[in-house]
Amino acid sequence: MSERMDRGGRGRPGGGGGHGGGRGRRPNRKPKGRKLDGWLIVDKPSGIGSTDVVNKVKRLFEAQKAGHGGTLDPLATGLLPVAFGAATKTVPYVMDGTKTYRFTLKFGEARDTDDADGKVIGTSDARPTDEQINAALPAFRGDIMQVPPIYSAIKIAGERAYDLAREGQAVEIAPRPARVDRFELIERPDADTAIFHVESGKGVYMRSLARDLAKACGTVGHIAALRRLRVGPFLEQHGIPLDRLIGSGDTPPPSPDLLLPVTTALADIPALAVTEAEATRLFQGQALSLVDLMGRVPDAADPDGGLVRAMAGERLIGLCRLADGWMQPERLLTGPGGGFEGVD
């Protein structure tokens with residue numbers, strides 16, 4: 001997960017087979033709902049979990065398959081990309097992209113969840129100045145080590161940390177690497193609160209940033225408000241408020257035209273043109289020599305382990321990895337006939 005604000009989740013039962021034939025075979029049951037492929041960028045309100053949002057929009061669109069690209073806690077608002085059908089195959093690449101957040105840090109109270117939804121576990125009368133905050137921020141930029149909140153989906157001896165915390169058990173989580181590209185104080189409404197802008201990579205907990213910054217400033221604190229403004233190629237202007245999608249009893253169901261193409265998720269990955277013959281070789285699992293692709297490899301592509309989008313004209317073939325002078329197929333998204341591949 002990207003933002004790593006998850007404090008719970010729900011499993012999904014697997015599908016069953018139909019009645020067997022004379023030889024005892026169980027044919028696959030046809031998936032329920034419409035086959036939709038694309039991304040719906042939901043502007044999530046506070047007070048609802050990410051899984052509940054996915055379930056709601058899946059029902060609204062009567063879709064066969066849906067998932068999301070990075071969990072947000074019920075407290076948080078902002079962009080929750082929901083993937084339908086073939087788009088679920090591109091979720092890892094969305095989660096690897098840059099995330100942008102704005103959060104409000106409230107000084108003086110530590111909470112067990114490190115946000116306003118938790119119970120108070122400590123207090124302090126100390127309130128840092130702007131100068132103290134700005135002096136502490138550089139230590140939280142770049143490649144850092146971060147201890148996730150105890151109310152998180154991290155597994156400890158096979159158990160989720162949030163389950164152990166709810167049971168009252170002591171939870172100890174080892175520090176983990178995190179990448180923070182930007183962490184700036186942008187507003188100071190009063191002595192008790194400060195508002196920050198953050199740009200980060202995959203797996204960074206905003207709650208941990210807030211908690212640890214408060215400690216570095218000689219006090220305690222927690223997140224009072226959090227909004228996600230960007231997830232990879234998806235920006236705030238792409239977001240559609242959940243209540244607009246749900247509408248009222250008299251509102252017609254939302255149109256599939258609201259979905260962005262599957263390829264939108266891969267917009268940040270350089271495109272490399274291939275011929276139909278080369279595309280066929282990729283479908284067969286064969287690597288292509290970069291010598292044969294001379295002059296077509298985009299400047300933005302990293303020949304030492306970088307990803308490219310293989311494109312046959314306007315048709316996306318899939319994602320390929322460049323390494324050791326070869327372009328190796330990694331994730332094929334369309335079949336030779338042009339339809340999306342391997343999506344159940």
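These are my notebook entries on what I looked up in this structure, which is a predicted model.

**Entry 1: the whole chain**

I began with the chain as a whole, and I found 7 helices and 19 strands in it. Of its 344 residues, 49% count as buried. I then looked up the surface, where the chain exposes about 16600 Å², with carbon and sulfur atoms supplying 49% of that area. For contacts with a separation of 6 or more, I noted that 70% are between residues 24 or more positions apart.

**Entry 2: the largest nonpolar core**

Next I turned to the largest nonpolar core, which holds 28 residues, and I wrote down that F103, I133, F183, F196, M206, L209 and L213 touch the most other members. At least two residues of this core come from each of β4 (99–107), α3 (130–136), β10 (176–190), β11 (193–200), α5 (206–216) and β12. The largest share, 5 residues, is supplied by α5.

**Entry 3: helix α5**

How many of the 11 residues of α5 are buried? I counted 8, and I therefore describe the helix as mostly covered, since buried means under 20% relative accessible area. The buried residues are M206, R207, S208, L209, A210, R211, L213 and A214. They pack against β4, α3, β7 (142–146), β10, β11 and β12. After α5 comes G218, and its phi is positive, near 85°.

**Entry 4: R227**

I found R227 in strand β12, which covers residues 221–231. Is R227 buried or exposed? Its relative accessibility is 16%, so R227 counts as buried.

I then asked which side chains make polar contacts with the side chain of R227. One is that of T77, at 3.2 Å, and another is that of E236, at 2.9 Å. Not counting residues up to four places away in sequence, R227 touches D43, T77, G78, T100, Y101, R102 and E236.

Strand β15 pairs with β17 (residues 307–312) in the parallel sense over 3 bridges, and L272 stands opposite A310 in β17.

**Entry 5: two positive phi values**

Last, I looked at backbone angles, keeping in mind that most residues other than glycine have a negative phi. E62, which is not a glycine, has a positive phi of about 50°, and E62 lies in the loop between α1 (50–61) and β2 (66–68). D324 also has a positive phi, near 55°, and its place is in the loop between β18 and β19. With a relative accessible area of 72%, D324 is exposed.

Definitions and conventions
Residues numbered from 1 in each chain as written. Predicted model: local features only at pLDDT ≥ 70, side-chain atom pairs only at ≥ 80, totals over all residues. Heavy atoms only, no water. Helix = DSSP H or I, 4+ residues; strand = E, 2+ residues; numbered from the N terminus. Buried < 20%, exposed > 50% of the residue type's maximum accessible area, 1.4 Å probe, protein only. Polar contact = N/O pair within 3.5 Å; in protein donor to acceptor, adjacent residues only side chain to side chain. Contact = heavy atoms within 4.5 Å. Core = buried A, V, L, I, M, F, W, Y, C linked by side-chain atoms within 4.5 Å. Pairing = 2+ DSSP bridges. Areas by Shrake-Rupley, 256 points an atom, 1.4 Å probe, with all protein chains shown as cover.
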